[in-house]
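I opened my notebook to look up how parts of this chain pack together. My entries follow.

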Amino acid sequence: MGRIHRHRAGLDRHLQRLPAEVLAGFTDALVAPAPTEHSSPLDVVDAAGWLLDARGAASSPDAACRLERRSDSLPSWQMEVHDPDRGRHGPRLWHASFDDRTPGHLVNAFLTALVDPAPLQRGMGDRTAHHSAVQTPSPLRPEQIVEAHTDRLNSIRAKVRAARRQNSKPSTSPAAPAAARPATRR
């Protein structure tokens, strides 16, 4: 499964930098039915305008994020996020890795949430954002944010219920007649 790694400096400081929306995209995909279409993680970031190099690695347009396939000992997807002001050579803010046992749709869900251009909802003056983040007042009222979150959870629940119903439906093929067995004597 995927893992979110931390630096020695402490888990709390680094998880504060990982947008909750990215983790939510991953965890939502854990309970939702897997899509029937399978695409590569590189397809996800390519569609978002990331730059692909000749080795098959991808970098975000601001060079703060990098995704690459590594096959040192166990093949895995490695994701690193650096200080956007200093790019790939700046301090690493957080990183994640997904080994080959991680279903592709989970990796894609993580990356889809990461590349989503929608603004993140944070409190004004919230210290979890990078210092260069631009904060603007949201046009949404707090109630609307709660409603959107509730709608998201209800949508996930509906998908899970539909998948369970689909999996619990009896087979449409006729059952083979059971062979009559003689009664066992003791």
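I looked at H2 and H5 to begin with. The axes of helix H2 (residues 20-31) and helix H5 (residues 142-168) come within 9 Å and cross at roughly 25°. Angles under 35 degrees count as roughly parallel, so H2 and H5 are roughly parallel to each other. Axes here are lines fitted to C-alpha atoms over the stretch in contact, with angles from 0 to 180 degrees between N-to-C directions.

I noted who touches whom. Ala24, Asp28 and Val31 of H2 meet Arg152, Ile156 and Val160 of H5; contact means heavy atoms within 4.5 Å. I sorted these residues into four nonpolar, no polar and two charged.

I noted my sources. This is a predicted model, in which local features need pLDDT of at least 70, side-chain atom pairs count only at pLDDT 80 or more, and totals for chains, interfaces and linings use all residues. Residues are numbered from 1 along each chain as its sequence is written, and side-chain values use heavy atoms, leaving out hydrogens and water.

Next I checked the core. Which residues have the most contacts inside the largest nonpolar core? They are Val45, Trp50, Leu67, Met79, Trp94, Phe110 and Leu111, in a core of 25 residues. Such a core is a set of buried Ala, Val, Leu, Ile, Met, Phe, Trp, Tyr and Cys residues joined through side-chain atoms within 4.5 Å. H4 gives the largest share of this core, seven residues.

Last, I looked at burial. Of the 186 residues of the chain, 30% count as buried, meaning under 20% relative accessible area with a 1.4 Å probe, protein chains only.

Notes: Helix = DSSP H or I, 4+ residues; strand = E, 2+ residues; numbered from the N terminus. Parallel < 35°, antiparallel > 145°, perpendicular 65-115°, else oblique. Nonpolar A, V, L, I, M, F, W, Y, C, P; charged D, E, K, R; others polar. Buried < 20%, exposed > 50% of the residue type's maximum accessible area, 1.4 Å probe, protein only.
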